[in-house]
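This briefing goes through a protein structure topic by topic, from the whole chain down to single residues. Please keep the sequence and the model at hand while reading.

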Amino acid sequence: MIFAAKQKMDGITVFAPALEQLEHVKSEQGEILTKPFLEACKHILPVIDKFGTAMGLVKSDIGGNISRLESQYSSNPSRFNCLFSLVQAEVETNTAKASSSCTNGLLWLTRAMDFLVALFRNLIDHEDWTLSQACTESYNNTLKKWHGWLACSSFGVVMKLVPDRKKFMEVIGGADNINSDMEKFCTTISPLLEENHKFLARLGLDDMKAS
């Protein structure tokens, strides 16, 4: 309660750290930079925590893909300074389609972020929806077509575990401007996610499904 009160007093929301990283996500040449993009995605993990066990698999998936991409970036920061260089290196060695590739990691990280953006927008646009309804609608419009039957069934089960919408919004709220920052996050990261999809699609790497 003390922390929440301090957040409200300071006007800081749970989206602030991600928004700060997104301010530095493009190079002077307009390329997506690896480190700030991954940091922005990483800063959304605490938001996912507020969903409780229901989003455990989503958090694990996002965290795992970030770690995979970070590991490769750290092996040669100058070479992999730009996000798409991680993919280009694998295309050159014909390893991009491997399940453990950075290409696959970037694709699924982008899809997971698509889901979260859709969820946040549902929360903003549909104040009368339950959290479960907002999650399910977002899943159906983003991740579902890429998942097999088992993953789809599992998602349906865990959606029954999401907290009450009012309680969730109170937990992530903190500051009065939570909806404003949520919208700003969606508006800022969406073009980057679209850029990722277009780049991968040009290489024929945007349609890989879960194995």
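The accessible surface of the protein comes to about 10800 Å², and carbon and sulfur atoms account for 53% of that area. The model is predicted. The protein contains eleven helices and zero strands.

**Overall form**

- Read from the N terminus, the order of elements is α-α-α-α-α-α-α-α-α-α-α. The radius of gyration is 17 Å, close to the 17 Å that the globule rule gives for 211 residues, so the protein is as compact as a globular protein of that length.
- The C-alpha trace spans about 50 × 40 × 25 Å along the principal axes.
- Of the 211 residues in the protein, 47% are buried.
- Among contacts with a separation of 6 or more, 73% are between residues 24 or more positions apart.

**Charges**

- The protein carries 22 positive and 25 negative side chains.

**Cysteines**

- The structure has zero disulfides.
- For C82, the closest cysteine sulfur belongs to C102 and is 15 Å away, which is too far for a bond because a disulfide requires sulfur atoms within 2.5 Å.
- C82 has a relative accessibility of 18% and therefore counts as buried, the cut-off being under 20%.
- For C135, the closest cysteine sulfur is that of C186, at 13 Å, and this too is too far for a bond.
- C135 is buried, with a relative accessibility of 0%.

**Helix 3 and its cover**

- Helix 3 covers residues 34–42, and seven of its nine residues are buried, so this helix is largely enclosed by the rest of the structure.
- The buried residues of helix 3 are T34, P36, F37, L38, E39, A40 and C41.
- The cover over these buried residues includes helix 2 (16–22), helix 4 (45–49) and helix 5 (56–75).
- Also included in that cover are helix 6 (83–92), helix 7 (102–125) and helix 11 (178–202).

**Q21, in helix 2**

- Q21 is located in helix 2, and helix 2 is part of the cover over the buried residues of helix 3.
- Leaving out residues up to four places away in sequence, Q21 touches P36, E39, A40 and H43. P36, E39 and A40 are among the buried residues of helix 3.
- Q21 is partly exposed at 21% relative accessibility.
- From Q21 to K209 there are 188 residues in sequence, and their C-alpha atoms are 30 Å apart in space.

**N94, between helix 6 and helix 7**

- N94 sits in the loop that runs between helix 6 and helix 7.
- The phi angle of N94 is near 60°, a positive value in a residue other than glycine.
- With a relative accessibility of 73%, N94 is exposed.

**E170 and V171, in helix 10**

- E170 belongs to helix 10, which covers residues 165–173. V171 is placed in helix 10 as well.
- E170 has a relative accessible area of 52% and is exposed, because the cut-off for that class is over 50%.
- V171 has a relative accessible area of 42% and is partly exposed.
- E170 and C152 are separated by 18 residues in sequence and by 29 Å in space, C-alpha to C-alpha.
- V171 and S99 are separated by 72 residues in sequence and by 36 Å in space, C-alpha to C-alpha.

**D207, after helix 11**

- D207 lies in the segment that follows helix 11.
- D207 is exposed, and its relative accessible area is 52%.
- Not counting residues up to four places away in sequence, D207 touches R111 and W146.

Notes. Residues numbered from 1 in each chain as written. Predicted model: local features only at pLDDT ≥ 70, side-chain atom pairs only at ≥ 80, totals over all residues. Heavy atoms only, no water. Helix = DSSP H or I, 4+ residues; strand = E, 2+ residues; numbered from the N terminus. Rg over C-alpha atoms; globule rule 2.2 N^0.38 Å. Buried < 20%, exposed > 50% of the residue type's maximum accessible area, 1.4 Å probe, protein only. Contact = heavy atoms within 4.5 Å. Areas by Shrake-Rupley, 256 points an atom, 1.4 Å probe, with all protein chains shown as cover. Lys, Arg positive; Asp, Glu negative; His and termini not counted. Charge placed at Lys NZ, Arg CZ, Asp CG, Glu CD.
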